[in-house]
Amino acid sequence: MAENFSKAQLDEFKEAFALFDSRSVGCVPVEEIGTIIRSLGHNPSKTDIDRIEGELRHEGKLEVDFGDFLGVLAKHFTGTEDNPANELKEAFKVFDKKGDGTINVNELVHILSTLGEQLSEDEIERMFSEGNVDPNGDISYDSFVKLITSE
């Protein structure tokens, strides 16, 4: 599982895991897994944590060692950390009403002009001048994220 993570990530994970290994035995109770994950900056729902804990208990584990913990992180939390583009894509999925990887440009303009940092009309217009808008007025959020993260 370690191959899924950078050395810096592994060091961070080991440090967080060790903080919760209060008995210094190399294991933490399954019930602590959510707290450790949250200490790393993730924000899983209670349902997500219950599912993870259930999977571990189903495997017969009442405690997890660092290897088990890495397995949980690799399975459930790989892909967005330290990657703003992936985080943006995940955020845009909320607005993908058709589930086809696109967002209507008018809706995207509304989102960009009302949420977060306020953009001028000129700034928004320049974003769409690349010609990534399809005939239906939709833009692929993958291509939009590439556009805004490459600037």
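**Entry 1**

I looked up Lys-98 and found it exposed, with a relative accessible area of 55%. For these labels I use the following cut-offs: buried is under 20% relative accessible area, exposed is over 50%, and partly exposed is in between, with a 1.4 Å probe and protein chains only. The model is predicted, so I note that local features need pLDDT of at least 70 and side-chain atom pairs count only at pLDDT 80 or more, while totals for chains, interfaces and linings use all residues. Residues are numbered from 1 along each chain as its sequence is written, and side-chain values use heavy atoms, with hydrogens and water left out.

Next I checked the partner of Lys-98. Lys-98 forms a salt bridge with Asp-138, and their closest N and O atoms are 2.4 Å apart. A salt bridge here is a side-chain nitrogen of Lys or Arg within 4 Å of a carboxyl oxygen of Asp or Glu. Lys-98 sits in the loop between α5 (84-93) and β3 (102-104) and Asp-138 in strand β4 (residues 138-140), so this pair ties together parts 40 residues apart in sequence. Helices (H or I, at least four residues) and strands (E, at least two) are DSSP runs, numbered from the N terminus. Asp-138 is buried, at 5% relative accessible area.

**Entry 2: other salt bridges**

How many salt bridges does a search of the whole structure find? I noted eleven.

I then looked at Glu-31, which forms a salt bridge with Arg-57; the closest N and O atoms are 2.7 Å apart. Glu-31 is in the loop between β1 (27-29) and α2 (33-39), and Arg-57 is in helix α3 (residues 46-58), so I recorded a link between distant parts of the chain, 26 residues apart. Glu-31 is partly exposed at 47% relative accessibility, and Arg-57 is partly exposed at 36%.

Lys-7 forms a salt bridge with Asp-11, with the closest N and O atoms 3.0 Å apart. Both are in helix α1 (residues 7-20), and because they are four residues apart, about one helical turn separates them. Lys-7 is exposed at 60% relative accessibility, whereas Asp-11 is partly exposed at 36%.

**Entry 3: nonpolar cores**

I turned to the nonpolar cores, meaning sets of buried Ala, Val, Leu, Ile, Met, Phe, Trp, Tyr and Cys residues joined through side-chain atoms within 4.5 Å. The largest has 22 residues, and Phe-13, Ile-37, Phe-69 and Leu-73 have the most contacts inside it. Two or more residues come from each of α1, α2, α3 and α4 (66-77). Which element gives the largest share of this core? I found α4, with seven residues. A second, separate core has 13 residues, including Phe-92, Ile-103, Val-145 and Leu-147.
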